[in-house]
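Subject: Structure handover

Hello,

Here is the structure you are taking over. Please look through it first; my notes follow below.

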Amino acid sequence: LINSGGELNSTASSTALPQVVTIDNGGAVRYSANNGSTLPAGITTYSDLILSGANSPNVKTLGVNTIVNGTLTIGGTASLALGGFTLNYGSSAILQYGVSGQITPQTTADPEWPASGGPPNVTMYNGSGVTLHASRTINGTLSLTDGLIYLGSNNLTLGPSATTGGVPSATNMILATGSGEVRKVFTGTGSFTFPVGDNTGTAEYSPVTLNFTSGSFSSAYAGVKLANTKHSLNTSSTDYLKRYWTVSQSGISSFVCNADFKYVPADIMGTESNLTLGQWNSVKWTVVSVAPPSGNVLAAVGLSSFSDFTGGEATALPVQLASFVGSYVGSNVKLEWQTISEVNNYGFNVQRQSGDDFVMIGFVAGKGTTIELQSYSFIDNQPGTSYRLEQ
């Protein structure tokens, strides 16, 4: 234990320091020869290196690489002053942010979590939260024990074998409400739950689960972020969610994916059972769920693309018309149309122009609620020049 401004200095003859070192209250470990001679080449290895307390306890170095094989704990107002050396991690090392009740600012330089060669495992145990100041990758386990990780504009990527530990909740999760995403690397089919949420007024845990059942994967990842507000293009007026999710992907082609979107009761406006999951494709909404929500979850089956997702009224996410064409068949006119999706569609009134108005000339039954491509046709034996459909 080094505290009250004290320092533990390595010597010219040895770089062997204790395997568990706690630096507290302004103390420091200084990797420099205390007798003025040249520091011998070597590597100092710690099982556990703990920085905690006030007055910026730190590690001061001069040209020595350090290996942490156990846990490096950054607590209090601690910081690392690396002085040009390299901080290395063993294959099972853990970088832990904070202990209960402490505040852990993360410096812009991120010396404890370099862009490459960073910790294989990261534990979040800090009720005051940690801000990610650069995009970073975890290839081992991200343990969400207590506290929030603020992404801002940075991405947190979980490698192909990475997992999450702890019990994610409104008090320990990843805040992905800026432009930064939580990304998961996929090398093949499989499922992953993105432990995301927001802290807009009230902290709310709102995870997304993606389950790829098929596809081709090459340097591939899927990313998730969210917003705790009604989607600006959601025209629902009575029943809708004050939340939407944005899902992206790179390097995944010809895929089929099932998805679950979890929301909280405070997100619901109107009647929950009236909500339908819709996907915005930059042009229109497409209905991607056919079942009512269950357990504050809206589910999609068979997704083949990603974009924005939210809950709304069926009438605000209507029949999506893919095509509507007419052609002559002998002396008759054949009308043909296709729909991408339908919500509570009883059917279509087929109308022909007559003067300045349209008159109904027939009815074609719809398919109710479906997200499958549907085809329809109608023959008019008294041909006109203009036709329209009424749903």
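Which backbone oxygen does the side chain of S307 reach? That of W280, at 2.5 Å. Please keep in mind throughout that this is a predicted model.

S307 itself is found in the loop between β26 (297-303) and β27 (308-312). With a relative accessible area of 16%, S307 falls under the 20% limit and is therefore buried. Setting aside neighbours within four places in sequence, the contacts of S307 are W245, T246, V247, Q279, W280 and N281.

Overall picture

The protein chain has 32 strands and 0 helices. Of its 391 residues, 47% count as buried. The chain exposes about 16900 Å², and carbon and sulfur atoms supply 49% of that area. Among contacts with a separation of 6 or more, 58% come from residues 24 or more positions apart.

The cores

The largest nonpolar core holds 57 residues, and the members that touch the most others are L72, L142, L210, F212 and F306. Strand β20 (residues 208-227) gives the most to this core, with 8 residues. A second, separate core has 10 residues, including V319, V333, F348 and V364.

F212 deserves a separate note. Leaving aside neighbours within four places in sequence, F212 is in contact with F186, T189, G190, F217, A222, I252, F255, V256, C257 and F306. Ring pairs also link F212 into a cluster with F186, F217, F255 and F306.

Strand pairing

- Strand β9 (residues 121-125) is mostly covered, with 4 of its 5 residues buried. Strand β8 (residues 94-97) runs parallel to β9 and is joined to it by 4 bridges; here Y97 stands opposite M124. β9 also pairs with strand β12 (residues 141-150) in the parallel sense, over 4 bridges, and T123 stands opposite S143 in β12.
- Strand β16 (residues 182-186) is mostly covered as well, with 4 of its 5 residues buried. Strand β13 (residues 156-158) is joined to β16 by 3 bridges, and the two run parallel; T157 stands opposite R183. β16 and β20 run antiparallel and are joined by 5 bridges, with K184 opposite A222 in β20.

Aromatic pairs

How many aromatic pairs does a search of the whole structure find? The search gives 14. One of them is formed by Y346 and F363, which are tilted, with 5.5 Å centre to centre and 35° between the planes. Y346 lies in strand β29 and F363 in strand β30 (residues 357-370), so this pair ties together parts that are 17 residues apart in sequence. Y346 counts as exposed, at 70% relative accessibility, and F363 is partly exposed, at 40%.

F348 and Y376 form an edge-to-face pair, with 5.1 Å centre to centre and 65° between the planes. This pair links distant parts of the chain, since F348 is in strand β29 and Y376 is in strand β31 (residues 374-380), 28 residues apart. Are these two residues buried or exposed? F348 counts as buried at 3% relative accessibility, and Y376 also counts as buried, at 7%. F348 is also one of the members of the second core.

Serines to check

Most residues other than glycine have a negative phi.

- S219, in strand β20, has a phi of about 50°. At 75% relative accessibility, S219 is over the 50% limit and so counts as exposed.
- S254, in strand β22 (residues 244-262), has a phi near 50°. With a relative accessible area of 66%, S254 is exposed too.

A further serine, S354, has its place in strand β29 (residues 332-354). Why does S354 count as partly exposed? Its relative accessible area is 42%, which lies between the 20% and 50% limits.

Regards

Conventions:
Residues are numbered from 1 along each chain as its sequence is written. This is a predicted model: local features need pLDDT of at least 70, side-chain atom pairs count only at pLDDT 80 or more; totals for chains, interfaces and linings use all residues. Side-chain values use heavy atoms; hydrogens and water are left out. A nonpolar core is a set of buried Ala, Val, Leu, Ile, Met, Phe, Trp, Tyr and Cys residues joined through side-chain atoms within 4.5 Å. Buried means under 20% relative accessible area, exposed over 50%, partly exposed in between (1.4 Å probe, protein chains only). Contact means heavy atoms within 4.5 Å. Accessible areas come from the Shrake-Rupley method with a 1.4 Å probe; for residues, only the protein chains shown count as cover. A polar contact is a pair of N or O atoms within 3.5 Å; within protein, one must be able to donate a hydrogen and the other to accept it, and residues adjacent in sequence count only if both atoms are side-chain atoms. Two strands pair if DSSP finds at least two bridges between them. Rings of Phe, Tyr and Trp (its six-membered ring) pair if their centres lie within 6.5 Å; planes under 30 degrees apart count as stacked, over 60 as edge-to-face and the rest as tilted.
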